[in-house]
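Please have the model open beside you as you read.

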Amino acid sequence: MPKPTFFNLPEEKRQKLVHAAEEEFSRVPLFEASISNIVKAAGIPRGSFYQYFEDKEDIFFFLLNEQAEKRKESLISMLKKYDGDIFKAVTEIYRKFLYELPDEEERNFLKNAFLNVTHKIEDAFTTMFSGTQSNEQIEEIKRLINRDILNISEEKELFYIVQIITAVVFRNFVEKFARELSDDEAMDNFIVEMNLLKRGLHKQNGNG
């Protein structure tokens, strides 16, 4: 996470550094990114960078966590729109990412992250639902989810359902970029998987 000195920067300088990092991480994945390119684009000495961040991984995960916060806000909005239906909410979020994300730099940043997944990157992404950095948002998400349409009997089961949906969303993002699927193909695949989750995977019969 950024050092306190980063947050003490004037807004314009802070945004310039953030944008320079976004440009670099949208150009190449984390392991190929260069601090030299970031500081050059930001117009700051290399030494100044280390006053604000420990290393390039530090600023990368700061940006990734900012993305997770955006997705949480989007999920809250979609849960309100669809009366707590988590399946409709996450499907709309995925659709908007595919068809309505206008910022090519943001899209490429996420693409590079998904194509070079580590456990830490996956962990940062899944805080959209279950992170601890923004407990107030998480509690609001849990409150907004309509449990009446879910086959659960206790609070703990809600947590696991959300974890399963999160894993499916994450895997679909990775597959979209790894297999170079068109937006329509990616959307169709996602809808099939959400429908399977909604119906359940075990066929019920009279014998239980």
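This is a predicted model: local features need pLDDT of at least 70, side-chain atom pairs count only at pLDDT 80 or more; totals for chains, interfaces and linings use all residues.

Find helix α10, residues 155-178, and helix α11, residues 183-199: their axes lie 10 Å apart and the packing angle is about 160°. Angles over 145 degrees count as roughly antiparallel, so α10 is roughly antiparallel to α11. The two helices cross in a right-handed sense.

Which residues of α10 and α11 meet? On the α10 side they are Ile164, Ile165, Val168, Val169, Arg171, Asn172, Glu175 and Lys176, and from α11 come Asp183, Ala186, Asn189, Phe190, Glu193, Met194 and Leu197. Sorted by class, this contact has eight nonpolar, two polar and five charged residues.

Rolling a probe the size of a water molecule over the atoms shows where empty space is left. The largest pocket has a volume of about 380 Å³, and 16 residues line it. Nearest its centre are Asn151, Ile161, Leu197, Lys198 and Gly200. Leu197 is also one of the α11 residues that meet α10. Both α10 and α11 supply at least two residues each to this lining, with α11 giving the largest share, four residues. The lining of the largest pocket is made up of ten nonpolar, four polar and two charged residues.

Now move to the second largest pocket, with a volume of about 260 Å³. Of its 14 lining residues, Val18, Glu22, Leu63, Glu66 and Lys70 lie nearest the centre. Helices α2 (11-27), α5 (56-81) and α7 (104-115) are the elements that give two or more residues to this lining. α5 gives the most, five residues. By class, the lining of the second largest pocket has seven charged, five nonpolar and two polar residues.

Helix α5 leads us to the other helix pair. α5 packs against helix α6, residues 86-100, at an angle of about 130°, and the axes are 8 Å apart. That angle makes α5 oblique to α6, and the crossing is right-handed. Arg71, Ser74, Leu75, Met78, Leu79 and Lys81 of α5 make the contact with Ile86, Ala89, Val90, Glu92, Ile93, Lys96 and Phe97 of α6. The contact of α5 with α6 has eight nonpolar, four charged and one polar residue.

Note on methods. Residues are numbered from 1 along each chain as its sequence is written. Side-chain values use heavy atoms; hydrogens and water are left out. Axes are lines fitted to C-alpha atoms, for helices over the stretch in contact, and angles run from 0 to 180 degrees between N-to-C directions. Angles under 35 degrees count as roughly parallel, over 145 as roughly antiparallel, 65 to 115 as roughly perpendicular and the rest as oblique. A crossing is left-handed if the near helix is turned anticlockwise from the far one by less than a right angle, and right-handed if clockwise. Contact means heavy atoms within 4.5 Å. Ala, Val, Leu, Ile, Met, Phe, Trp, Tyr, Cys and Pro count as nonpolar, Asp, Glu, Lys and Arg as charged, and the others, Gly among them, as polar. On a 1 Å grid over the protein atoms alone, a cavity is a set of points where a 1.4 Å probe fits but cannot get out, and a pocket is an open set with protein on both sides within 12 Å along at least five of seven lines; lining residues have an atom within 4 Å of a point. Grid points are joined across faces, edges and corners, and a volume is the space filled by probe spheres set on the points.
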